[in-house]
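Good morning, everyone, and thank you for making time for this.

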Amino acid sequence: MSTPMLFTPIAFRDVQARNRLMMSAMCQYVAVDGFANDWHRTHYASRAVGQAGLISLEMTAVHPLGRITPGCLGIWKDEHVSGLRSIAQGCQQHGAKVGVQLGHAGRKGEFFDQGLVAPSRIAFADKWPLPHELTQAEVVALVDSYAQAARRANEAGFDYIELHAAHGYLVNQFSSPLSNRRDDAYGTDRPRFLRDVLQALRETWPRHKPIFMKVSTIERDEGGAQQDEVVARVAGLREYVDLVIASSGAWRRPAASASTPFPAIRCRSPKPSAARPACRARRSACSTTRCWPKKY
Ligand SMILES: Cc1cc2nc3c(=O)[nH]c(=O)nc-3n(C[C@H](O)[C@H](O)[C@H](O)COP(=O)(O)O)c2cc1C
């Protein structure tokens, strides 16, 4: 019997994966100040031992306020490189190709007291604060944050980078009519931020290494981007992107699954004290802005 295609090698530019099993990016919520630790090294290397061909690190923030939670990995400063390099090497030693997912949460982050940013001054959801509308200069600076993150990703030795353009985070916020009501060039041409980021990544990231991109192919909300539009947009990005990872959803959970999809994830305060005891609420039910999730 011939080998099933799933277990055959696949190449993207000069990077050849041993098979087509890809581990999807999944936040671990255990970093401190964006730094990787032993959990990350063990967790990702274990998947390489398990024979994954490609391993995508969780969404890793290009800016400190771009983290989803305080426990998210970061790549916004050079000091993050050595920890990320140790994760990459741990995966590569066991035969996997490894990439880092570059992201910014925008208005969907949890740093309520330090200010969230977005294309337009529209809150993500009830109880979420109104974000600051990015000025054009701030948008340009953010594009550069992605480029600097790509430079660091290369210094850390990753085989590929994956742009997080899905799930209602910043890039998705720019491309969606539900969150981008700007009247400048980033609003009249909503995919422009995505193109600027990809252009900056392609200029910074080595030509022989691939760039992947994760998109929400359908936003599920009335008035949100639909599949035809997303597919057409993505088709125009072939010069930048070597693999499109098709996900879905952007803003809300579908009504049919209104309960939390992560029932085991609960919150805790970063510094529990007598004055502020540890929060044990379900994350979805917790209104404490400084909470971060802990896995049980
Ligand atoms: C705990 C957890 C953390 C996740 N973190 C991320 C993430 O950091 N980046 C990302 O793009 N997707 C993340 N996801 C979503 C998954 O990568 C994947 O997209 C999702 O499980 C649905 O699969 P689908 O995209 O094939 O529909 C996470 C999922 C889970 C369960």
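Let me begin inside the sheet, with Leu 163, whose bridge partner in strand β9 is Met 213. Before I go further, please keep in mind that this is a predicted model. That bridge belongs to the pairing of β8 with β9, residues 211-216, and the two strands run in the parallel sense over five bridges.

On another pairing, β8 is joined by four bridges to strand β5, residues 97-103, again with the strands running parallel, and here Gly 99 has Tyr 160 of β8 as its bridge partner.

How many of the six residues of β8 are buried? Six of the six are, so to speak, under cover, in a strand that spans residues 160-165. In a regular strand, the side chains alternate between the two faces of the sheet. In β8, Tyr 160, Glu 162 and His 164 point one way, while Ile 161, Leu 163 and Ala 165 point the other way, and all of them are buried.

For contrast, please turn to Glu 138, which lies in helix α3, residues 136-155. Is Glu 138 buried or exposed? Glu 138 counts as exposed, because 12 other C-beta atoms lie within 10 Å, and 12 or fewer is the cut-off for that label.

Stepping back to the protein chain, we find seven helices and 12 strands, and of its 296 residues, 42% count as buried.

Finally, the ligand has 14 residues around it, and Ser 24, Ala 25, Met 26, Met 59 and Ser 247 come nearest. That shell divides into six nonpolar, six polar and two charged residues.

Conventions: Residues numbered from 1 in each chain as written. Predicted model: local features only at pLDDT ≥ 70, side-chain atom pairs only at ≥ 80, totals over all residues. Buried ≥ 20, exposed ≤ 12 C-beta atoms within 10 Å, placed from the backbone. Near = placed C-beta within 6 Å. Nonpolar A, V, L, I, M, F, W, Y, C, P; charged D, E, K, R; others polar. Pairing = 2+ DSSP bridges.
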